[in-house]
Amino acid sequence: MFTKSMTVGEITAAPGQVARGFLSTDVGRGATVRMPVVVINGKADGPVFGVTAGVHGAEYPGIEAAIRLSRMLKPAEVRGAVIIVPLVSVPAFQRRAIYVNPLDGINFNRVCPGNPTGTITEITAHLLFKNVIAQADYYIDLHGGDMIEALVPFTLYYKSGYQKVDDASKALAEAYGIPIILGTTTLRGGTYGAAAAMGKPAILTEAGGQGILDEPSTQTHIDGVLNALRRFGCLPGTPVVAAPPTHYTKFVWVAAEQDCVYYPRVVVGQQVREGDLIADFTDLFGEKIGELRSPATGPVLFLVTSPAINKNDPLMAIGS
Ligand SMILES: [Zn+2]
């Protein structure tokens, strides 16, 4: 029997119960950070899973999957507990803002595990890590391409150097069922990397894009979380995975060197070779001002689809 109550911020779920509420903190000047949280506390012993979505507020399939999971999971079948935050960046969702929190212009996925005395986004990250990730044995962060991004679904995990954590993160990624997996060694303040650095096996999963709430991507996330819960004994059964995954070790990002009009010459999912022409850039008079050659050989996993590009904006990423 699992007889432990789970408390997350101001809400508590007794064993065998579901609790819904908000995780909030005062950020000064009369402002409050507030995110929805659902705790599904099982009756039997088992692991604690943290599941978040909406770190980027316009990545809708992940948010929708988290909302549905929060209503679908029943304490009677859960062993351990599942803590779900279906929308981390509430202001970004409300204002349909890409990449960043519109209140401070900061990307949540670059400042984890946060800072209690930092900007609003850093305080939000700290609030999440202190109350949710710190209590979790495993962590899954649901994403999809942002409003101006197309992508092939993939799963990221961080190779922290702690073998036990890394093996479990990899197993989590494989159980999720998305057939492209990237194990990376760069820490960029991302959710999954910060969690792994704390000793928590973690993945970040990408399905969806371009501001569309589509059912296949939503289902990919729902199936993925259920599979991950099964894999580590939080739900009965075994993961149902269609195909063995392909593992990539490098995620080669390309960013814009100048403000421009951007014309990608590839589509998402396309295989490119090092040196291939992958984009052209013009000025606002249509005059060509540059072109981009692929720095790597592999599939285009992620592609910005907006022509409006500023210096240093990401353009695409290639798996290698
Ligand atoms: Zn994202």
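Two strands pair if DSSP finds at least two bridges between them. Strands (E, at least two residues) and helices (H or I, at least four) are DSSP runs, numbered from the N terminus. This is a predicted model: local features need pLDDT of at least 70, side-chain atom pairs count only at pLDDT 80 or more, and totals for chains, interfaces and linings use all residues. Residues are numbered from 1 along each chain as its sequence is written, and side-chain values use heavy atoms, with hydrogens and water left out.

**Four-strand sheet**
- The open sheet runs S17-S16-S14-S19, with antiparallel pairing.
- S17 (288-293) and S19 (308-309) are the edge strands; each has a single partner, so one side of each lacks a neighbour in the sheet.
- S14 (residues 260-264) and S19 are antiparallel and joined by two bridges.
- Val261 lies opposite Ala308 of S19.

**Nine-strand sheet**
- The order is S3-S4-S6-S5-S7-S11-S9-S10-S12, in an open sheet with mixed pairing.
- S3 (18-28) and S12 (246-248) stand at the edges, each with a single partner strand.
- Three bridges pair S10 (residues 180-184) with S12 in the parallel sense.
- Ile181 has His247 of S12 as its bridge partner.

**Helix packing**
- The axes of H1 (residues 60-72) and H6 (residues 215-231) come within 8 Å and cross at roughly 50° (axes are lines fitted to C-alpha atoms, for helices over the stretch in contact; angles run from 0 to 180 degrees between N-to-C directions).
- The H1 contact residues include Arg68 and Met72, and those of H6 include His221 and Val225 (contact means heavy atoms within 4.5 Å).
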